[in-house]
Amino acid sequence: MEAIKIENLTKKYKDVVAVDGLCLTVFGGELFALLGVNGAGKTTTIKMLSCLTAPTSGDAFLMGYSVSKQAASVKSLIAVSPQETAVAPALTVQENLRLMCGVHGIGGDKQNAKIKELTNSLGLEGVINRKAGKLSGGYKRRLSIAMALISEPKILFLDEPTLGLDVLARSELWDIVRSLKGKITIILTTHYMEEAEALADRIGIMGEGKLLVVGAAQEIKDAAHAESLEQAFVTIVKGGVK
Amino acid sequence: MKMLTFANRNAKEILRDPLNLCFGIGFPVVLILLLSAIQASIPVSLFEIERLAPGIAVFGGSFMTLFSATIISKDRQSSLLQRLYTTPLRPIDFILGYTLPMLPIAIAQSVICYAVAIILGLKLSVNLLYAIAFTVPIAVFFVALGLLFGSVLNDKQVGGICGALLTNLSAWLSGTWFDLQLVGGAFKDIAYALPFVHAVEMERAVVVGNFLAAIPHLWWVLGYATIALVAAVLLFLRQMKRQ
C-alpha cells in the first residue's frame, strides 16, 4: 500500500531551488531515511509533506490526500518531531503530553490511558513530573517523539531525531524508533550514515534539491561500488553515480 | 477546547517564570512605593498618588508586550509552533491562545497596582473598579504589540525592543514622571500622537470619576489597539505561512 506518493514536488525561494522535481513512493509501515548534506532539501521536503510550506509546483499524496488541496485531512494523519526538540520548557513531561492530547481533542480517560502508554513505552515514567526544560537531551528527544505519537499518526516525520545526542542516548532512541517500525510509516532525515543503515528499510540520498538515488543500504553501496554507506554517499553526492 | 488547552499552556509558561513575576508585578509596585516615598519628602506635588497610580498601572501594561513577544518568539525558535502548526489548531486558535491568557494577568497587575495605591492613600471608590476595567483596551494594545514583535523578532531582539525600548518609550511619553506641558514642543506633540499619554490620562480621569474627560482618550487607545491587533494578526499569519 502506498503511504506517500510524491509527484514532481518542487519548492523555489526566489532564485533558489530548494527541492527540484522530487518523485518518490513510500509504502505503508516502511521506515524511509532521507540523507543529504546541509541545504540538500531534506527539511524543506518534510515541511512540504507536513503542510508547513506550500509546494511551488507538483504535489504529494499522503494516504491519498493532497498536501496542496487537502491539508486538514493530511494533518489528521501525520505528526512531526522537528529538528529542535519543540517542547514547552516550563511544562512538565506530563503537561506537555496533556497539551498535545488537548490540541488533538483527546480528553478524559483516553487522555490518561494514552499518556500512561506513551510514558511507559518511551521510558519517561521516571521524569513525568520534571519540567521539560530541565531534561537531558536524550529525554527531551523521547518526549518530542512521545508528543508526536499522541495523535496515533499514520505517518511520522522525524527530522534529525538524534542530533547532538551522546552514543548511549542515541542507541536508546534507535531502539524506540525500531519499536515503531512496521506499525506506522516513518520518514527520517539524518546526517548519520550509520543511523540510516541501522534503521531504514530504504534510503534516499538528496543533493541540491534532487533525489539522487533510492534503495536499500546494500543496493546503494553496490551501485556506488563502495564498501561503506559513507563512501557511497560521498561518491553519489559528488556525482560519481548517475 | 483546543484553543483553551493552548491558552492554558501559555498562561503556565508565563506565570512559572520568576523573572516575569518580578518585572510584571514586583517592579511597578516597587516604583509606586519608591515614588510615593519621594513625594512624602518633597514640598511640591510631583508624584501624588491619584496621578501616579494610573500612570504606573499603564506602565505595568508594557510588560505584557514583553511577556507575549518572548513566549511567541521562543516558541518559533524552539519549533514548538512548527509542531503545533501540524495539529488541528487553526490560525484563530493561535492568536486567541496567545492573547487571552494575557488579559487576566494584565487585570491582576492593575488590581495589585491600585491595591498598593489604596494602602498609600488613594481614595477607595467604585471608580477604581471602572479604572481596572478601562485597563482592558490598554492591555489589548500591549498584548497585540507582543504578538506583532514576537512574530518577527527573535528572543534577544524582543528583549531589546520590548524589554528596553518600549518600556522606556511608554514611560517617558506617558506623562507619568513629569508634566508633558512643561516640556512642550515636538516632544509633547509626539507624545500626544502616541497612545501612552492618552492611556494614562484616561485612567486618571476615570479614577476621579470624570468619565466625559476619559472618552476622547479612550478613542485614541481603542484606535491604537485596533491597528496593533490587525497588524499583529497579519504578521502572525505571514510568519505562519512562511513556515
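This note goes through a predicted model with chains A and B, point by point.

1. **Ground rules.** Residues are numbered from 1 along each chain as its sequence is written, while chains are lettered from A and ligands numbered from 1 in the order in which they are written. The model is predicted: local features need pLDDT of at least 70, side-chain atom pairs count only at pLDDT 80 or more, and totals for chains, interfaces and linings use all residues.

2. **Confidence.** The model scores ipTM 0.84 and pTM 0.85. Chain B has a mean pLDDT of 91, and 100% of its residues reach 70 or more. Here pLDDT is the predictor's confidence in each residue, from 0 to 100. Within chain B, helix H2 (residues 18-41) has the lowest confidence, with a mean of 85. Helix H11 (residues 195-207) of chain B has the highest, at 96.

3. **Chain B, fold and form.** Chain B has 12 helices and 0 strands. Both are DSSP runs, numbered from the N terminus: helices are H or I with at least four residues, strands are E with at least two. The C-alpha trace of chain B spans about 60 × 35 × 30 Å along its principal axes. A compact globule of 243 residues would have a radius of gyration near 18 Å, and chain B agrees, with 18 Å. That radius is taken over C-alpha atoms, and the globule rule is 2.2 Å times the number of residues to the power 0.38.

4. **Chain B, packing.** Buried residues make up 47% of the 243 residues in chain B. A residue is buried if 20 or more other C-beta atoms lie within 10 Å of its own, exposed if 12 or fewer, and partly exposed in between; C-beta atoms are placed from the backbone. Take the contacts in chain B with a separation of 6 or more: residues 24 or more positions apart account for 80% of them. Two residues are in contact if their C-beta atoms, placed from the backbone, lie within 7 Å.

5. **Largest nonpolar core.** This core holds 148 residues. Such a core is a set of buried Ala, Val, Leu, Ile, Met, Phe, Trp, Tyr and Cys residues joined through C-beta atoms within 7 Å. Which members touch the most others? They are A:Leu62, B:Ala53, B:Phe141 and B:Ala144. Helix H7 (residues 127-152) of chain B gives the largest share of this core, 15 residues. Leaving out residues up to four places away in sequence, B:Phe141 touches B:Pro195, B:Val221, B:Tyr224, B:Ala225 and B:Ala228.

6. **Where the chains meet.** On chain A, 25 residues are in contact with 21 residues of chain B. Strand E6 (78-81) and helix H3 (93-103) of chain A each supply at least two residues of that side of chain A. The side divides into 14 nonpolar, 8 polar and 3 charged residues. Ala, Val, Leu, Ile, Met, Phe, Trp, Tyr, Cys and Pro count as nonpolar, Asp, Glu, Lys and Arg as charged, and the others, Gly among them, as polar.

7. **Chain A, two domains.** Chain A is assigned domain 1 (2-77 + 153-237) and domain 2 (89-151). These bounds come from an automatic or database domain assignment. The C-alpha centres of the two domains lie 25 Å apart. Between them, 10 residues of domain 1 are in contact with 9 residues of domain 2. Helix H6 (residues 167-180) of chain A gives the most to the domain 1 side, with 4 residues.

8. **Helix H1 of chain A.** Is helix H1 (residues 42-49) of chain A largely enclosed or exposed? All 8 of the 8 residues are buried, so H1 is largely enclosed by the rest of the structure. A:Cys51 follows H1 of chain A, and its phi is positive, near 65°.
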